[in-house]
Amino acid sequence: MKMFVVIVILLYVSQHASAVELYDGRDSVLLACQFPTFNLLEPSVVWSRSDLRPSTVHQRQLEGDQLKDQNQRYSGRTSMRTGALRTGDLSLTLREPTIRDSSTYTCSVREGGREVSRREVLLQVKEPPDWHWILLAVLDLLVLLVLLAVVIVLCVILYKEKKYRKDLPPLWPWILAAVLLLLAAVTVVTVSVYKLMKHDQTSHKTLLSLLWTSRDPFSVAVKVLAAVLVLLVVVVVSVTMYNGIKNNEVSQHGDTVEVYGGRESVLLPCEDSPVPQRPTVTWSRNDLSPSTVHQRHQEGDDLRDQNQIYSSRTSMKTDALTTGDLSLTLSKLRLSDSGNYTCTITAFGNERRLRDIQLQVKEPNSGLVEFWVLLVLLIVSCGIIMGLGGLTP
């Protein structure tokens, strides 16, 4: 008879086990437990951990939650549905789970002090992926790309300046200085952000807000660098656009044409109407030998006597001798193209001087001044960042 009673009780007390895995940092986790408590007269449920003292995690009776024996580790962090004992959904919600919460949780259903069901749930709260290094890698990549773009722009500026001014010093000291500044800035930012995140245990979700609101020296350093990088980008883009506009400008005052070197081409105007029959138009510079810049006959261009410095750089309109527009297009401008250009027309042995054009090719806005401004900004910004970083031991 006693053996029969034991067998009945063992059959009546059900025991199940399940596992829940999640990463640290989640808002909450649900530990599932189901049992048809509506068949019981005075049901109650106790969630517990056998490795704690007191072991109670959460307790629910018909009157409501009974948390006087609850372990203080779970105070304010556990809850169950309002009608749990009526519906049979005895699942426990655990808020802000941490690694210390990893353990086996027991869901015990009781009636009148007798346990009628037991379910075990294994909760494993794992360390999240190391977002610190991931974020640092992304941040470093962005900083490197921005600073690398600045270095490239500076090198291009210096290269163009050296192209038109042979007295400039070699480029490698400036390139080396820019690279060293780049490495210093990236190193400071990496150390700053890593210390901030590790010291404050900052998650990847709150990093940006913390960097924005914190007055910690490292946070200030990161914000200063970000501001300087934005300023550099704005300056570089502005200077590039300004120089592009200036270098494409052509100003003409009477017989004087002013243009910046490096421009694709310039038009030297000359007209004659009506054009005599079988004319020869010659553009020349008297300070050169040979002096011919370009020559056009009725049959077409005659460049046999052309000065070689203008080879493949001059042209006139195909119908120039028909329309009377004898203007000369000079391409790939150089500083040495500055001079007085004479347009003459010859027909039946008579030569007429139509126009003298004074061409002034100026040094292009290569941005040497802007280069020094950017270099000073880089030095000052890196100095500020390293100085701020040194404020924290």
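**Strand pairing, disulfides and salt bridges in a predicted model**

Strand E7 (residues 92–95) and strand E6 pair in the antiparallel sense, with two bridges between them. The model described here is predicted. Within this pairing, serine 79 lies opposite threonine 93 of E7. Both strands belong to an open sheet of three strands, whose order is E2-E7-E6 and whose pairing is antiparallel. E2 and strand E6 (78–79) stand at the edges of this sheet; each has a single partner strand, so one side of each is left without a neighbour in the sheet.

As a whole, the protein comprises eight helices and 19 strands. Of its 393 residues, 40% are buried. Among the contacts with a separation of 6 or more, 60% are accounted for by residues 24 or more positions apart. The accessible surface amounts to about 22,400 Å², and 59% of this area belongs to carbon and sulfur atoms. One nonpolar patch on the surface is formed by Val138, Leu142 and Leu145, which together have about 270 Å² of accessible area. Of these residues, leucine 145 is found in helix H3 (residues 131–164).

A further set of pairings involves strand E8. Seven of the nine residues of E8 are buried, and the strand is thus described as mostly covered. E8 pairs with E3 in the antiparallel sense over six bridges. In this region, threonine 106 in E8 is the bridge partner of serine 48. E8 is also joined to strand E9 (residues 114–126) by nine bridges, and these two strands run antiparallel. Here valine 109 has serine 117 in E9 as its bridge partner. E8 and E9 form a hairpin with two residues between the strands, in which glycine 112 takes a positive phi near 60°. In a regular strand, side chains alternate between the two faces of the sheet.

Two disulfides are present in the structure. When the bonded cysteines are counted along the chain, the disulfides follow the pattern 1-2, 3-4. One of the disulfides joins cysteine 33 to cysteine 107, with an S to S distance of 2.2 Å. This pair links distant parts of the chain, 74 residues apart: cysteine 33 lies in the loop between strand E2 (28–31) and strand E3 (43–48), and cysteine 107 lies in strand E8 (residues 103–111). The link of cysteine 33 and cysteine 107 is left-handed, with -80° about the S-S bond. Cysteine 33 counts as buried because its relative accessibility is 3%, under the cut-off of 20%. Cysteine 107 likewise counts as buried, at 0% relative accessibility.

The other disulfide is formed by cysteine 270 and cysteine 343, whose sulfur atoms are 2.4 Å apart. This pair also links distant parts of the chain, 73 residues apart: cysteine 270 is in the loop between strand E12 (265–268) and strand E13 (280–284), whereas cysteine 343 is in strand E18 (residues 339–347). The link of cysteine 270 and cysteine 343 is left-handed, with -80° about the S-S bond. Cysteine 270 and cysteine 343 are both buried.

A search of the whole structure finds 17 salt bridges. One of them is formed by glutamate 21 and lysine 126, with the closest N and O atoms 3.2 Å apart. This pair links distant parts of the chain, since glutamate 21 is in strand E1 (residues 14–23) and lysine 126 is in strand E9, 105 residues apart. Lysine 126 counts as partly exposed, at 36% relative accessibility.

In another salt bridge, the side chains of glutamate 111 and arginine 114 meet at 4.0 Å, N to O. Glutamate 111 counts as buried because its relative accessibility is 18%, whereas arginine 114, at 42% relative accessibility, counts as partly exposed.

A salt bridge is also formed by the side chains of arginine 352 and aspartate 272, at 2.8 Å, N to O. This pair too links distant parts of the chain, 80 residues apart: arginine 352 is in strand E19 (residues 350–362), and aspartate 272 is in the loop between E12 and E13. Cysteine 270 is placed in that loop as well. Arginine 352 is partly exposed, with a relative accessible area of 39%, whereas aspartate 272 counts as buried, at 10% relative accessibility.

Technical notes: Residues are numbered from 1 along each chain as its sequence is written. This is a predicted model: local features need pLDDT of at least 70, side-chain atom pairs count only at pLDDT 80 or more; totals for chains, interfaces and linings use all residues. Side-chain values use heavy atoms; hydrogens and water are left out. A disulfide is a pair of cysteine sulfur atoms within 2.5 Å. Helices (H or I, at least four residues) and strands (E, at least two) are DSSP runs, numbered from the N terminus. Buried means under 20% relative accessible area, exposed over 50%, partly exposed in between (1.4 Å probe, protein chains only). Contact means heavy atoms within 4.5 Å. Accessible areas come from the Shrake-Rupley method with a 1.4 Å probe; for residues, only the protein chains shown count as cover. Patches are made of residues with over 30% relative accessible area and no salt bridge: like charges are joined within 9 Å, nonpolar side chains (Val, Leu, Ile, Met, Phe, Trp, Tyr) within 5 Å. Two strands pair if DSSP finds at least two bridges between them.
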